[in-house]
Amino acid sequence: RFKMLRLGFARLKPSFNRWRRNFSSSRLSRAIKRAHVEEEGPHFLNRATVRQHSFLIDDVTSAGGGDQAPTPYDYLLSALGSCTTITCRVYAKHRKLPLEKIVVDVSHRRIMPLDPEWSQGLREVFTREIEFVGKDLTQEQIQRLTVIADKCPVHHLFMSDHCQVITKVKGR
């Protein structure tokens with residue numbers, strides 16, 4: 001029985017490793033990514049440029065912003081949600097799963113000192129709710145897609161202890 005399980009896994013493993021290698025070794029995943037951000041108007045309105053794309057960032061009025069665009073946290077939540085759908089879609093396409101649509105809702109809350117989670121070292125909690133739509137999807141396929149969702153690069157970044165932010169001041 002053990003030998004049969006090993007052989008079954010051995011047949012699946014090369015295919016998955018090939019998919020993972022192709023997915024993670026794309027030019028963009030190893031390239032240095034850059035964003036240029038400049039103040040654009042009153043309050044906290046900023047314009048960010050990433051590759052050929054440009055978008056606005058602002059803060060809510062209660063925090064002193066003009067609420068003319070999503071906040072930085074809004075973009076962070078969107079990054080986690082969209083990375084989740086992309087990662088699951090790549091896997092579903094590779095496995096030819098009958099997945100019609102993926103819907104992800106992401107929320108964030110800050111842990112305060114009086115919350116019980118504070119003693120566990122938690123300071124920020126992101127909750128991701130995923131809906132996999134497909135009338136022919138099996139429960140096993142949905143469970144596998146849920147595992148794959150945790151492999152999205154943005155999720156890994158949130159969970160990483162190996163990430164740091166380096167601040168440099170540009171010369172005059």
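A: Start with the secondary structure. This is a predicted model, and the protein has 5 helices and 5 strands. Read from the N terminus, the order of elements is α-α-β-β-β-α-β-β-α-α.

Q: What share of the residues is buried?

A: Of the 172 residues in the protein, 22% are buried. The accessible surface is about 13,500 Å², and carbon and sulfur atoms account for 55% of that surface.

Q: How many of the contacts join residues at least 24 apart?

A: Take the contacts between residues at least 6 apart in sequence: 44% of these join residues at least 24 apart.

Q: How is a pair of aromatic rings described?

A: Two values are used, the distance of the centres and the angle of the planes. In this protein the count is 2 aromatic pairs. One of them is formed by Phe 55 and Tyr 75, with 5.0 Å centre to centre and 45° between the planes, and is tilted.

Q: Which parts does the pair of Phe 55 and Tyr 75 tie together?

A: Phe 55 belongs to strand S3 (residues 53-57) and Tyr 75 to helix H3 (residues 72-95), so the pair links parts that are 20 residues apart in sequence. Phe 55 has a relative accessible area of 27% and is partly exposed. Tyr 75 is also partly exposed, at 27% relative accessibility.

Q: What kind of pair do Phe 126 and Phe 158 form?

A: Phe 126 and Phe 158 are stacked, because planes under 30 degrees apart count as stacked and theirs are 15° apart. Their centres are 4.7 Å apart. Phe 126 sits in strand S5 (residues 124-133) and Phe 158 in helix H5 (residues 153-159), so this pair ties together parts 32 residues apart in sequence. Phe 126 is partly exposed, at 26% relative accessibility, and Phe 158 is partly exposed with a relative accessible area of 30%.

Q: Where do nonpolar side chains tend to be in soluble globular proteins?

A: They tend to be buried together. Here the largest nonpolar core has 18 residues, and those touching the most other members are Cys 88, Leu 97, Leu 99, Ile 102, Phe 132, Leu 137 and Leu 145. H3, strand S4 (101-110) and helix H4 (139-149) each give two or more residues to this core. H3 gives the most, with 6 residues.

Q: Which residues is Leu 137 in contact with, leaving aside its neighbours within four places in sequence?

A: Leu 137 is in contact with Leu 97, Pro 98, Leu 99, Phe 132, Ile 142 and Leu 145.

How values were computed: Residues numbered from 1 in each chain as written. Predicted model: local features only at pLDDT ≥ 70, side-chain atom pairs only at ≥ 80, totals over all residues. Heavy atoms only, no water. Helix = DSSP H or I, 4+ residues; strand = E, 2+ residues; numbered from the N terminus. Buried < 20%, exposed > 50% of the residue type's maximum accessible area, 1.4 Å probe, protein only. Contact = heavy atoms within 4.5 Å. Areas by Shrake-Rupley, 256 points an atom, 1.4 Å probe, with all protein chains shown as cover. Phe/Tyr/Trp six-rings, centres within 6.5 Å; stacked < 30°, edge-to-face > 60°. Core = buried A, V, L, I, M, F, W, Y, C linked by side-chain atoms within 4.5 Å.
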